[in-house]
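This report looks at strands, their partners and the arrangement of chains. Please keep the sequence and the structure in view while reading.

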Number of protein chains: 4
Amino acid sequence: MISVGIVGGSGYLGKKLVELCSGHPYIDDFDVYGNSSAGENLYSLFPEFHQLVTDKKIKSTNDLSFSHDIYFLALPHGEALKLVPSLISAGKKVIDLSGDFRLDSPDQYLKWYNIEHTSPELLKEKVYGLADLKDYKNETKLIANPGCYPTAALLSLLPLVIEWGNKIISITTVAYSGSSGAGKSPKVDLLLSEMDGNVKAYNVHKHRHEPEIFQELTRNGFNSDYTFTTHLLPVAVGIYETNIVYLSTNINQKKITALYNDFYSLSSFVRLRETPPQLKWVTGTNFCDINISVRDNSVIITSAIDNLIKGGGGQAVQNMNKLFGWEETAGLLTRREKNVSVY
Amino acid sequence: MISVGIVGGSGYLGKKLVELCSGHPYIDDFDVYGNSSAGENLYSLFPEFHQLVTDKKIKSTNDLSFSHDIYFLALPHGEALKLVPSLISAGKKVIDLSGDFRLDSPDQYLKWYNIEHTSPELLKEKVYGLADLKDYKNETKLIANPGCYPTAALLSLLPLVIEWGNKIISITTVAYSGSSGAGKSPKVDLLLSEMDGNVKAYNVHKHRHEPEIFQELTRNGFNSDYTFTTHLLPVAVGIYETNIVYLSTNINQKKITALYNDFYSLSSFVRLRETPPQLKWVTGTNFCDINISVRDNSVIITSAIDNLIKGGGGQAVQNMNKLFGWEETAGLLTRREKNVSVY
Amino acid sequence: MISVGIVGGSGYLGKKLVELCSGHPYIDDFDVYGNSSAGENLYSLFPEFHQLVTDKKIKSTNDLSFSHDIYFLALPHGEALKLVPSLISAGKKVIDLSGDFRLDSPDQYLKWYNIEHTSPELLKEKVYGLADLKDYKNETKLIANPGCYPTAALLSLLPLVIEWGNKIISITTVAYSGSSGAGKSPKVDLLLSEMDGNVKAYNVHKHRHEPEIFQELTRNGFNSDYTFTTHLLPVAVGIYETNIVYLSTNINQKKITALYNDFYSLSSFVRLRETPPQLKWVTGTNFCDINISVRDNSVIITSAIDNLIKGGGGQAVQNMNKLFGWEETAGLLTRREKNVSVY
Amino acid sequence: MISVGIVGGSGYLGKKLVELCSGHPYIDDFDVYGNSSAGENLYSLFPEFHQLVTDKKIKSTNDLSFSHDIYFLALPHGEALKLVPSLISAGKKVIDLSGDFRLDSPDQYLKWYNIEHTSPELLKEKVYGLADLKDYKNETKLIANPGCYPTAALLSLLPLVIEWGNKIISITTVAYSGSSGAGKSPKVDLLLSEMDGNVKAYNVHKHRHEPEIFQELTRNGFNSDYTFTTHLLPVAVGIYETNIVYLSTNINQKKITALYNDFYSLSSFVRLRETPPQLKWVTGTNFCDINISVRDNSVIITSAIDNLIKGGGGQAVQNMNKLFGWEETAGLLTRREKNVSVY
C-alpha cells in the first residue's frame with residue numbers, strides 16, 4: 001500500500017485522479033494539493049463526492065509534503081516544470097499530466113510552448129508513458145503522461161507505423177474533443193450558450209499536441225507529411241479521432257487487422273472494433289476503441305477515448321500500476337466480473 | 001422612419017436587438033452603445049452578422065447621443081436606473097429591458113434587488129409593457145419591458161386570473177430556461193462542461209422575477225398563494241413554463257378554452273395549442289405558445305417562448321411598434337407569406 | 001451466492017440490470033431472457049460491454065428456466081402480468097419493474113392502464129418496494145418496483161406527508177425526464193433531430209405514474225389536491241422533480257430540515273442537500289439527492305435521480321439486497337473507499 | 001410570379017422547401033405532394049408553421065399536377081428517377097434534391113447505389129447544380145442539386161483544385177453532420193437516447209457522396225488520392241468539414257487567400273473567414289463559411305453549412321433563382337438590411 005500526492009486537485013483532471021485514487025486497491029491514503037482551492041473541502045468543491053469519496057481538506061501546494069510515494073501533477077503547463085526537479089531529487093516517483101516533459105528537445109519547447117525549458121536533463125530521463133505500449137521493466141522515476149489527443153492518435157497509428165513506416169506517404173489526424181479538455185476556467189467560448197449545437201476547429205496547424213504526436217511517430221520510423229487538426233464538440237467529455245493514412249502500395253484489410261490484433265493481444269484497455277467506435281462506448285472508462293478500414297492504398301483508423309480517463313487520469317493510474325508492478329487494471333475497472341479474461 | 005439607440009449592444013439581448021432593428025421596415029438607422037465593447041465592430045463581436053447586418057463601430061455609452069427617437073436599454077440591473085431619467089427629461093422614448101422599472105414600489109427594490117431606487121416617480125409613470133395585452137392608446141414615454149420568465153407566466157395566467165381570480169386557491173409556476181438567460185459573462189456554472197446533460201434549480205424562493213409576476217397577478221385580482229421556481233436547462237435558448245392553478249370549484253375545459261381563445265383572438269403572437277407546446281416551435285420567433293389542460297379543479301397551463309425574443313428583444317420591438325402606432329408584427333415575422341391573416 | 005433471471009434484457013432497463021448483476025458480489029450467475037433479441041449475444045447488442053461483462057447468449061422468454069432464485073422483470077406493461085403468477089406459484093422471488101403490480105386496486109388498472117387485471121390477489125400480496133423506506137423484515141415474494149417518477153416524488157414528499165399530512169392544502173409535482181425513460185423503440189418524437197434543444201410536456205393530467213404517487217401519498221395520510229406534470233428533457237438520462245407543497249400554516253425551515261435528516265439518517269442512497277441538486281450529481285448512481293426550501297407556508301422540494309438506476313435497475317437491486325438480508329449497498333457503489341461510513 | 005410543386009413535403013428537406021417557397025417574393029403559389037402524408041394538413045404535420053405559413057392540404061404524389069412551372073423533388077433515392085423523365089418530357093423545370101441524377105455514369109450508380117439507372121440520357125443532360133459556381137446562361141431543364149456533404153467539400157476545394165490540381169498529392173475530407181441529414185424515419189441509432197453526448201463515424205470508405213465529390217474534383221483537374229469519412233454529431237442541424245490537401249510544393253498563405261477571395265468575390269453565400277468557422281454562424285442560413293490555413297505544403301480548409309439549407313433546400317432555391325434569372329438571394333436572406341452590398 002502506498003501514499004499518493006495529487007497536485008492540482010481542483011480541475012477536471014484533478015477530480016478524476018481523486019476518484020480513481022479513492023477507489024484504488026493499493027493506495028492507502030492520498031492528499032490533494034491546490035493553489036486557489038487550498039483550504040476548501042473536496043465535498044464543497046465536488047458535491048457529487050458525498051458518500052462516494054471520503055471528504056478531506058485540500059492542502060496548499062506551497063506546503064507540499066515529501067512523504068508520499070508518488071505524485072500526480074495535474075498543473076497548468078509551466079507549473080510542473082518548477083516542481084518536478086525537487087521531487088525527482090528527493091527520490092520520488094512522478095507522473096506529470098502536463099506537457100512539460102513530453103517533448104524530447106528544449107528547442108521544441110521554445111517553438112511550440114514559447115518557454116525556455118529549465119530541466120533539459122530530465123527531458124532525457126523521462127519516459128513518455130503511453131501506458132498500453134510500456135512495461136517499465138527498467139524503472140523510471142519520471143513519466144510524462146501523454147496528452148489526451150496524442151493518446152488516441154498514437155494508439156491508432158503506431159502499429160501501422162512500426163510495421164509499414166517506410167511505405168507511408170502521409171498521415172492526417174482529424175480530432176474532435178469535448179469541452180472538458182479545455183479546462184474549468186470560465187471563458188466565453190466555452191459557455192453552454194456559445195457551444196450548444198455548435199462545432200468549431202481551433203489552433204489549426206498550431207496545436208501543441210502535434211509535435212508530441214509527430215515525435216513519437218518519427219521515433220517509430222515515420223518520415224513524411226503529417227497534419228493534426230482539432231475541433232471542439234458540443235459535449236463535455238470524450239475525444240473522437242479519424243486518422244487517414246495513404247500508403248505507396250495497396251494493402252490488405254486482413255493483414256492490417258491481424259497486425260493490430262497481434263499488437264494489442266495482451267492489452268487490457270485497447271478494444272479493436274469491427275465497426276467504427278461510438279464515443280459513448282468509452283466515456284467513463286479507460287478504454288481506447290479502435291476500428292480500421294482499408295481500401296486500396298488508404299487506411300482509415302477511427303478511435304475514441306474518454307479524454308479525462310484514458311486521455312488523463314486513467315492512463316496516469318495505469319502508468320502507476322505498471323511502475324509498481326501491479327496488474328495494469330487495478331482501480332480502473334469498476335465492474336468486477338469474475339470470469340472476464342482481462343483479469 | 002426613425003432612429004434608434006441600442007445601449008448595451010454586446011450581450012445576448014443587445015445582439016438580438018441589433019438583428020431585429022437591422023431588419024425593421026421603419027427604422028432608418030441605429031447606433032449601438034457599449035462599455036467594454038466600445039470601439040469594436042459588430043462584425044468582430046458577432047462574426048455571424050457578415051453579409052446579414054451592415055457593420056458599424058460600437059460607440060461608448062459615455063458619448064450617448066440624444067439624437068435618437070427611441071432607446072432600447074439592455075443593461076445590467078442598476079445601470080438603466082442611472083440613464084433613464086435624463087433620457088425621459090429630454091423627451092425621449094425609452095424601452096428598458098432591465099428590471100429597474102418593472103416593479104411599482106421602491107420597497108420591493110430594496111427587498112428583492114437590494115437597491116435604493118432613485119426615481120420613484122418614474123416607477124409610477126412607466127408602463128409595464130406586456131406587449132400582447134397593451135395598446136398604448138395613451139402614450140407613455142417609458143416602458144418597462146417584462147422579464148423573460150414573467151412574460152410566459154403572465155400570458156399563461158392573466159386570462160384565468162382576470163376572470164376567475166376570486167376562485168383561485170393557489171398558483172404555482174415551475175420554469176425552465178436556457179443558459180442565454182444568464183448572460184454572456186463567463187462563469188464556471190455556465191460552462192458546457194458543467195451543463196452538458198445537466199439540470200438544476202436555482203434561486204428557489206428568491207428569484208427577482210417572482211415579485212414582478214406576483215405584482216401583475218395581484219393587480220388583476222389574484223390574492224392567494226404563489227410560488228415561482230426556476231431551473232437551468234442544458235440548452236442555449238428558450239423558456240418552458242408549467243403553471244398549475246387550483247380552484248375552489250371544478251371548472252370546464254371548454255369554458256376555459258373559449259375564454260383564452262377570446263382573450264387572444266386579436267393577438268399576432270400568442271398561439272393557443274391543443275397539445276402542450278414544444279420549445280422548438282417558438283425558438284427563433286416572437287411567439288408565445290400556450291396549452292391549457294383542465295381536470296376537476298386543477299388547470300395546468302404550459303407555455304413556451306424564446307427568452308431572447310418574446311422574452312426580450314422581440315417584445316421590446318413589439319412594444320415599440322405599438323408605441324409608434326405601427327402594425328405590431330413589423331420586423332418580427334421573417335417569413336412574409338402574403339395570404340396569412342395576421343398581416 | 002444466488003442465480004438471477006433477467007427477463008427483458010434488451011431495453012435500457014434490462015441493460016442496466018445486466019451491468020448491475022454482472023458486478024454484484026453475491027450473484028453467482030445470471031441469465032438474460034428476451035423476445036425479439038433471443039439468440040443474440042450481449043456483445044452484439046451492447047458493444048460497450050466488451051471486456052466489462054462476460055458475453056452470453058440471450059435466451060428466449062418462452063424457455064424461461066425456473067432454476068433461478070430471483071427474477072427481475074423488465075417487460076412492457078401487461079407482459080409481467082402474464083408471467084408473475086407462475087413464478088410466484090413456483091415459490092420464486094420476483095421484482096417486477098413494470099407497472100403491473102404497483103397499484104392496489106383493479107379499478108385503477110381499468111381506469112389508468114385500460115386493462116382488466118387478472119391477478120387481484122397478487123396486487124394485495126405484493127409490496128410496493130420504495131427501497132429506501134422498506135426493510136422487508138416480513139419477507140415478501142413479490143416486489144412491485146416503483147416507477148421512475150414516483151421514486152423521486154415519494155422520497156421527496158413522504159417525510160413531510162407522514163408528519164404534516166393534515167396541514168397540507170395541495171401538492172404539485174413537476175417532473176422532467178431524459179428520453180431513456182421512454183424506452184428504446186424508435187419513434188419520430190424521440191429522434192435527436194426532434195429533441196435537440198427541445199423540451200415538451202406530455203400526458204398532462206394523464207400520466208400513469210400519477211395514481212401510483214397519489215396512492216402512496218394517501219396511504220400515508222395525504223388527503224387533498226394533487227397534480228403531476230411530466231416533461232421530456234433534451235438529455236438521455238435523469239429525472240429532475242420540483243415538488244411544491246402549500247400548508248395551512250407557516251412552517252420553519254429548521255424544523256423541516258431536521259425532520260428529513262432524521263428520516264433519512266440511516267439511508268445510504270438519499271443525500272440531503274443544502275442547495276438544489278444538480279442532475280449530474282446523480283446520473284450513473286443509485287442516489288436520490290433532495291433539497292428543501294421553506295418560505296412561510298410553502299415548501300419547495302427539488303430532487304434528482306438517475307431514472308434507469310435509482311428509478312429502475314438500481315432500486316431493484318437494492319430491493320433484492322434487502323430481501324436477502326444483504327447490506328443494501330451491495331453491488332451499487334462502484335467506488336470502494338475504505339473509510340466511508342455507509343459500508 | 002411562378003407556381004411550384006414540392007414533391008416529398010413531409011421530411012426535413014420538404015419542410016425547409018415549404019418554408020423557403022412560402023416566403024419567396026417570386027412564387028405565387030405552391031402545392032405540396034406526399035405519399036404517406038397525403039391528405040394531412042401542413043399545420044398538423046408541422047405545428048410550428050401556425051401563423052407563419054398558410055395552411056394547405058398535402059396532395060398525393062399519384063395526382064401530381066403538371067401545371068407547375070418548376071418542381072422540387074425531395075424524394076428518397078430511386079423515387080425521383082421514376083418521376084423526372086415525364087416532367088422533363090412535359091417541358092417542366094426540375095430541381096432534384098435526391099442523388100438520382102448527380103453522377104454522370106450509370107456504372108457509378110450500379111457500383112455505389114446498386115441501381116440500374118433507367119435514364120442515362122438525362123444523366124448527360126442534367127447540370128450538377130453547385131449554385132455558387134453556376135450561372136445557367138445556357139438554360140437547363142434538369143438540375144441535380146448537390147448532396148449536403150459535397151456542397152461544403154466542393155466549395156472548399158474547387159478553387160484550389162482548379163488552380164493547383166496537378167500539384168496535389170492527396171486530398172482528405174473528414175465530415176461531421178447533424179442527425180437531420182439522416183432523415184425523419186425513426187431508427188434506434190438516431191434516438192436522442194443513443195446520440196446524446198455521442199459521436200460516431202459511419203459508412204467509412206463507402207459513403208455515396210464520395211463518388212459525387214470525386215467526380216467533380218476530377219472534372220476540374222484533380223487526379224490523385226482521395227478519401228471521405230463521415231461522422232454523426234450529437235446535434236440536429238449542420239455540417240462541419242475539414243479538408244486536408246498535401247501539395248508537392250510549398251505554398252504561400254497569401255497567394256491562396258487571394259485566390260479564394262477572387263474566386264468568390266461575386267458570391268453572395270460564400271463567406272471567407274480569417275478563423276475557422278463556427279457551425280452556429282451558418283445554421284439557419286444559406287451561407288457556406290470557409291477558412292484556409294496553410295503551412296509549408298499542407299492546406300487545411302475548414303467549412304460549415306446548414307445541411308438542410310445550403311446543403312439542400314436553400315441551394316435548390318438559389319438554383320431556381322439563377323435558372324429564372326432572378327437575383328440569387330431572392331427568398332434566402334431573411335433580414336433585409338437596406339445598405340448591404342449583396343442586394
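## What pairing means here

Two strands are said to pair if DSSP finds at least two bridges between them. In this predicted model, the idea can be followed in chain C, where C:I6 stands opposite C:F72 in β4(C).

Chain C has an open sheet of seven strands, which follow one another in the order β3-β2-β1-β4-β5-β7-β6, and the pairing is parallel. At the edges lie β3 (59-60) and β6 (127-128) of chain C, each of which pairs on one side only.

Within this sheet, strand β1 (residues 2-7) of chain C runs parallel to β4(C) and is joined to β4(C) by four bridges. Strand β4 (residues 70-73) of chain C is in turn joined to β5(C) by four bridges, again in the parallel sense, and here C:I70 has C:K93 as its bridge partner. Further along, three bridges connect β5(C) with strand β7 (residues 142-144) of chain C, the two running parallel, and C:V94 has C:L142 in β7(C) as its bridge partner.

## Around strand β5 of chain C

Which residues of strand β5 (residues 93-96) of chain C point one way, and which the other way? C:K93 and C:I95 point one way while C:V94 and C:D96 point the other way, and all of them are buried.

The elements β4(C), helix α3 (residues 79-89) of chain C and β5(C) together make a β-α-β unit, which is right-handed. Another helix, α11 (residues 309-323) of chain C, lies across β1, β2 (27-34), β4, β5 and β7 of chain C, and runs at about 160° to β4(C).

## Strand β4 of chain A

In chain A, strand β4 (residues 70-73) is covered on both faces, with A:I70 and A:F72 buried on one side and A:Y71 and A:L73 buried on the other. Strand β1 (residues 2-7) of chain A pairs with β4(A) in the parallel sense over four bridges, and A:V7 stands opposite A:L73. Strand β5 (residues 93-96) of chain A also pairs with β4(A) in the parallel sense over four bridges, and in this pairing A:Y71 stands opposite A:V94. Between β4(A) and β5(A) the chain passes through helix α3 (residues 79-89) of chain A, in a β-α-β crossover that is right-handed.

## A closer look at A:F72

Leaving aside the neighbours within four places in sequence, the contacts of A:F72 include A:V4, A:I6, A:L17, A:C21, A:I95, A:A316 and A:M320. Although A:F72 and A:D96 are 24 residues apart along the chain, their C-alpha atoms are separated by 5.9 Å.

## How chains A and D are related

In general, two copies of a chain are related by a rotation about an axis and a shift along that axis. Chain A can be laid on chain D by a turn of 180° and a shift of 0.0 Å along the axis, with an RMSD of 0.0 Å, which means that the relation is that of a two-fold axis. Both copies use the same surface, since 100% of the contact residues of chain A recur in chain D.

How values were computed
Residues numbered from 1 in each chain as written. Chains lettered and ligands numbered in written order. Predicted model: local features only at pLDDT ≥ 70, side-chain atom pairs only at ≥ 80, totals over all residues. Heavy atoms only, no water. Buried < 20%, exposed > 50% of the residue type's maximum accessible area, 1.4 Å probe, protein only. Right-handed = clockwise from strand over helix to strand, strands pointing away. Contact = heavy atoms within 4.5 Å. Axes fitted to C-alpha atoms, helices over the stretch in contact; angles between N-to-C directions. Least-squares fit on C-alpha atoms with pLDDT ≥ 70 in both.
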